[in-house]
Amino acid sequence: MEQRISLITLGVTDVARAKAFYEQLGWQGQEVEETVFFQAGGLALVLWGRDNLADDAGIEGPGTGAMTLAQNVRSRAEVDEVIATATKAGATVTKPARETFYGGYAGYFADPDGHLWEIAWNPGFTLAEDGTITVPDFSATN
């Protein structure tokens, strides 16, 4: 298996509401057959009905896997801006932005379906012009 992710699919209770939320964050998506696709750098974020997702995966209910989506940004101020925009769009702040143990600055919000997002500025991760990050060589710092 190659080390990459192509799509992240979020099971949502109301596709139209979820799409509107992400559009209020400035995302632009395409809806096809009650499924919304957002190009997100080199991968896609997909919104799909929870029941459809559970049925497709062959499980009962919405699933039990815990996860957090994360977006690294270019500054402390941008962390605050993104969280404020998400809050105006209907997100719930679960952890206000604050200094982190690694010398950065981060906070969390939950979208209307409870999917967690971490918004972080991390001085140790290089953020390219197109928004991609480069994971540092952690062995070089020891």
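At the start of helix α1 (residues 15–24), a side-chain oxygen of Asp-14 comes to within 3.1 Å of the backbone nitrogen of Ala-16. This is a predicted model, in which local features need pLDDT of at least 70, side-chain atom pairs count only at pLDDT 80 or more, and totals for chains, interfaces and linings use all residues. Residues are numbered from 1 along each chain as its sequence is written, and side-chain values use heavy atoms, with hydrogens and water left out.

Helices (H or I, at least four residues) and strands (E, at least two) are DSSP runs, numbered from the N terminus. A polar contact is a pair of N or O atoms within 3.5 Å; within protein, one must be able to donate a hydrogen and the other to accept it, and residues adjacent in sequence count only if both atoms are side-chain atoms.

Val-15, Ala-18, Lys-19, Phe-21 and Tyr-22 of α1 are buried. They cover an arc of only 160 degrees around the axis, so they lie on the same side of α1. The arc is that of the directions from the helix axis to the C-beta atoms. Buried means under 20% relative accessible area, exposed over 50%, and partly exposed in between (1.4 Å probe, protein chains only). Just after α1, Gly-26 has a positive phi of about 100 degrees.

Asp-113 belongs to the loop between β7 and β8. Its relative accessibility is 10%, so Asp-113 counts as buried. The side chain of Asp-113 makes a polar contact with the side chain of Arg-17, at 3.0 Å. Leaving out residues up to four places away in sequence, Asp-113 touches Gly-11, Val-12, Thr-13, Asp-14, Arg-17, Ala-18 and Arg-50. Contact here means heavy atoms within 4.5 Å.

**Strand pairing**

Two strands pair if DSSP finds at least two bridges between them.

| Strands | Sense | Bridges |
|---|---|---|
| β5 (residues 68–72) and β8 | parallel | 5 bridges |
| β7 (residues 105–110) and β8 | antiparallel | 6 bridges |
| β6 (residues 92–99) and β7 | antiparallel | 5 bridges |

Strand β8 (residues 116–121) has 5 of its 6 residues buried, so β8 is largely enclosed by the rest of the structure. Trp-117 in β8 is the bridge partner of Leu-69, and Trp-117 is also the bridge partner of Phe-109.

In the hairpin of β7 and β8, with 5 residues between the strands, Gly-114 has a positive phi near 90 degrees. In the hairpin of β6 and β7, which has 5 residues between the strands, the glycine is Gly-103, with a positive phi near 85 degrees.

**After β8**

Asn-122 lies in the loop between β8 and β9 (126–127). With a relative accessible area of 15%, Asn-122 is buried. Its side chain reaches the backbone nitrogen of Gly-124 at 2.8 Å. Apart from neighbours within four places in sequence, Asn-122 is in contact with Asn-72 and Tyr-102.

Thr-126 is in strand β9 and counts as exposed, at 53% relative accessibility. Thr-126 touches Thr-132, Ile-133 and Thr-134, not counting residues up to four places away in sequence. The C-alpha atoms of Thr-126 and Gly-104 are separated by 13 Å, and the two residues are 22 residues apart along the chain.

Most residues other than glycine have a negative phi. Glu-33 has a positive phi of about 50 degrees although it is not a glycine, and Glu-34 has one of about 60 degrees. Glu-33 is in the loop between β2 (29–32) and β3, and Glu-34 lies in the loop between β2 and β3. Glu-33 is exposed at 74% relative accessibility, and Glu-34 is exposed with a relative accessible area of 56%.

**The largest pocket**

The largest pocket has a volume of about 890 Å³. The elements that give two or more residues to its lining are β3 (35–40), β4 (43–49), β5 and α3 (76–89). β5 gives the most, with 5 residues. In total 27 residues line the pocket, and Ala-40, Leu-43, Ala-70, Gln-71 and Gly-131 lie nearest its centre.

On a 1 Å grid over the protein atoms alone, a pocket is an open set of points where a 1.4 Å probe fits, with protein on both sides within 12 Å along at least five of seven lines; lining residues have an atom within 4 Å of a point. Grid points are joined across faces, edges and corners, and a volume is the space filled by probe spheres set on the points.
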